[in-house]
Amino acid sequence: MISVDEAKEILSKNPIALADTSLPFQQSLYHTLASDVFADRDAPPFHRVTMDGIAIRAASLKSNKRYHIEGIQAAGQPQLSLSDAHHCLEVMTGAILPKNTDCVIPYEKIHLLDGVAEVDDTGYSPFHNVHLKGTDAKKGDRILQKGTWIHPGKLSVLASLGKAQVEVRQLPKVLVCATGDELVPVAQQPLPHQIRSSNVFMLEAALKSLGIKGQTAHLTDHREKLKTEIEKALETYEVLLFSGAVSKGKFDFLPEVFRQLGVEILIHGVRQKPGKPFLFGRKGNRFVFGFPGNPASTLVCFHAFFKAWLGTSLQRETESSSAILSDEVLFNRPVTYHLLVKTVLREGKVWAVPVKNSGSGDWVHLSEADAFLSLPAVPSVFKKNDVFPITYFHKDSF
Ligand SMILES: Nc1nc2c(c(=O)[nH]1)N[C@H]1C(S)=C(S)[C@@H](COP(=O)(O)OP(=O)(O)OC[C@H]3O[C@@H](n4cnc5c(N)ncnc54)[C@H](O)[C@@H]3O)O[C@H]1N2
Ligand code: MOO
Ligand SMILES: [Mg+2]
């Protein structure tokens, strides 16, 4: 059996080849940009008023405190022009600064009476409360680089730049398969020997946060049916995620079926807990991930392996984080122990508090964990206050 690091090495050497495509920008969320994006105009594109109030010429304050109001410059209205340097125009936040003005005084600092604005303080300089044209970017500047991960903030940049269509790296087509005769649909009352299928919905939701809309399926523990269904699925989907049927049981048919279908099994078994029977294989540019069926194993393997693999395939920078173990943990086997934890921020540091559970089949307590700490594969007493790598379940970024 191989180590967690060896498994990650194999995964990183077997990325999926993904084509580039053009998408309407709203659909590009959580994709990776396939080309640089440039500013089509200055940002801001005009001298932008930043406070509701009046616009004047700052130099006029030397000889004037009372300003006749000539009109209102609203946001979205073409530029007005102040006709007299001792007059003012009312201006709204987001409006273009009127011609012949250079300074905005907010309503809170003036008195309005009978069409006249009176100013108390005369110490204003030019461009007070004005966001100058081109301050943040000049037309032609590169704003987003190829390879950028499109999160909601970047999506709004694309909108501001008028990128209605965006060039992105395609995300893979993924099918999430539940396996097992014991599983029944969520809305069905299980018989005493049955359970409701849950892992696939966890995987489907986890994929969604990566921008992938996975399809789900349920396959029963029937060798021939599995083979037929998987053969069909491999024609349509680039990635198949399985939960269950990869261990030593008499009905754990997946490894055998994969071999029969010409899938090369590159990983089967990792020195870790949970997730020991994890499987990864490929057939050309099609990939299979066999997550061990226990819910904690499925979730941990998705985050430890699938996410890292997808990140490598998309050439994204992966972030590594660490956290402080809050309590002593004894683990006396030479395998990596992915300890389920709840994270808390104390004195500016992230502490990982172990979540008590009865093992990898305990879905009741699994949802209390928001991450796992990976304790190294040396039998040991892991000390309170020591720092270990952490992987979060609910982080959008890689
Ligand atoms: N003799 C051995 N037995 C087992 C070993 C081993 O090394 N030798 N490994 C254990 C470990 S570790 C794990 S983890 C499990 C993994 O088993 P499988 O991947 O074969 O999964 P199943 O047998 O199909 O199911 C295990 C468990 O998970 C439940 N399950 C499966 N799918 C779902 C689903 N979609 N939603 C909810 N729950 C699911 C299933 O009912 C079982 O209880 O094997 C150990 N055995
Ligand atoms: O290691 Mo299994 O994946 O714990 O129950
Ligand atoms: Mg099994």
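**Close-up views of a predicted model**

**Figure 1. Surroundings of Asn14.** The side chains of Asn14 and Arg282 are joined by a polar contact of 2.9 Å. The model shown here and in the views that follow is predicted. Asn14 belongs to the loop that runs between helix H1 (4-12) and strand S1 (20-24). With a relative accessibility of 13%, Asn14 counts as buried, the limit for this class being under 20%. Leaving aside residues up to four places away in sequence, Asn14 touches Leu266, Phe280, Arg282, Phe287 and Trp309. Between the C-alpha atoms of Asn14 and Leu171 the distance is 16 Å, and 157 residues separate the two in sequence.

Figure 2. Asp20 and Arg169 form a salt bridge in which the closest N and O atoms are 2.7 Å apart. Because Asp20 lies in strand S1 and Arg169 in strand S13 (residues 165-169), the pair ties together parts that are 149 residues apart in sequence. Asp20 is partly exposed, at a relative accessible area of 43%, whereas Arg169 is buried, at 18%. Arg169 is also touched by Ser313, whose other contacts, not counting residues up to four places away in sequence, are Pro15 and Ile16. Ser313 is located in helix H6 (residues 295-313) and, at 7% relative accessibility, counts as buried.

**Figure 3. Two further salt bridges.** The structure holds 7 salt bridges. One of them is formed by Arg142 and Asp36, with the closest N and O atoms 3.2 Å apart. This pair links distant parts of the chain, 106 residues apart: Arg142 is in strand S12 (residues 142-144), and Asp36 is in the loop between strand S2 (32-33) and strand S3 (37-38). Arg142 is partly exposed, with a relative accessible area of 48%, and Asp36 is partly exposed as well, with 27%. In another salt bridge, that of Arg223 with Glu256, the closest N and O atoms are 2.7 Å apart. Arg223 lies in helix H4 (residues 223-236) and Glu256 in helix H5 (residues 254-260), so this pair ties together parts that are 33 residues apart in sequence. The relative accessible area is 33% for Arg223, which is partly exposed, and 30% for Glu256, also partly exposed.

**Figure 4. The buried residue Asp102.** Asp102 is buried but has no salt bridge; Arg57, the nearest side chain of opposite charge, is 4.7 Å away, and a salt bridge requires a nitrogen-to-oxygen distance within 4 Å. The side chain of Asp102 does reach the backbone nitrogen of Ala58, at 2.8 Å. Asp102 is placed in the loop between strand S7 (87-91) and strand S8 (103-106). Its contacts beyond four places in sequence include Ile56, Leu97, Phe127 and His128.

**Figure 5. An open sheet of 6 strands.** The strands follow the order S8-S5-S7-S6-S10-S9, with mixed pairing. S8 and strand S9 (110-113) are at the edges with a single partner strand each, so one side of each is left without a neighbour in the sheet. From one strand to the next, the twist averages 40°. S9 pairs with strand S10 (residues 116-119) in the antiparallel sense over 4 bridges; here Ile110 stands opposite Val119 in S10.

**Figure 6. Strand S18 and its partners.** In strand S18 (residues 239-243), 5 of its 5 residues are buried. Val239, Leu241 and Ser243 point one way, and Leu240 and Phe242 the other. S18 runs parallel to strand S14 (residues 174-179), joined by 5 bridges, and Ala178 stands opposite Ser243. Strand S22 (residues 286-291) also pairs with S18 in the parallel sense over 5 bridges, where Gly290 is the bridge partner of Phe242.

How values were computed. Residues are numbered from 1 along each chain as its sequence is written. Chains are lettered from A and ligands numbered from 1 in the order in which they are written. This is a predicted model: local features need pLDDT of at least 70, side-chain atom pairs count only at pLDDT 80 or more; totals for chains, interfaces and linings use all residues. Side-chain values use heavy atoms; hydrogens and water are left out. Helices (H or I, at least four residues) and strands (E, at least two) are DSSP runs, numbered from the N terminus. Buried means under 20% relative accessible area, exposed over 50%, partly exposed in between (1.4 Å probe, protein chains only). Lys and Arg count as positive and Asp and Glu as negative; His and the chain ends are not counted. A polar contact is a pair of N or O atoms within 3.5 Å; within protein, one must be able to donate a hydrogen and the other to accept it, and residues adjacent in sequence count only if both atoms are side-chain atoms. Contact means heavy atoms within 4.5 Å. Two strands pair if DSSP finds at least two bridges between them. Axes are lines fitted to C-alpha atoms, for helices over the stretch in contact, and angles run from 0 to 180 degrees between N-to-C directions.
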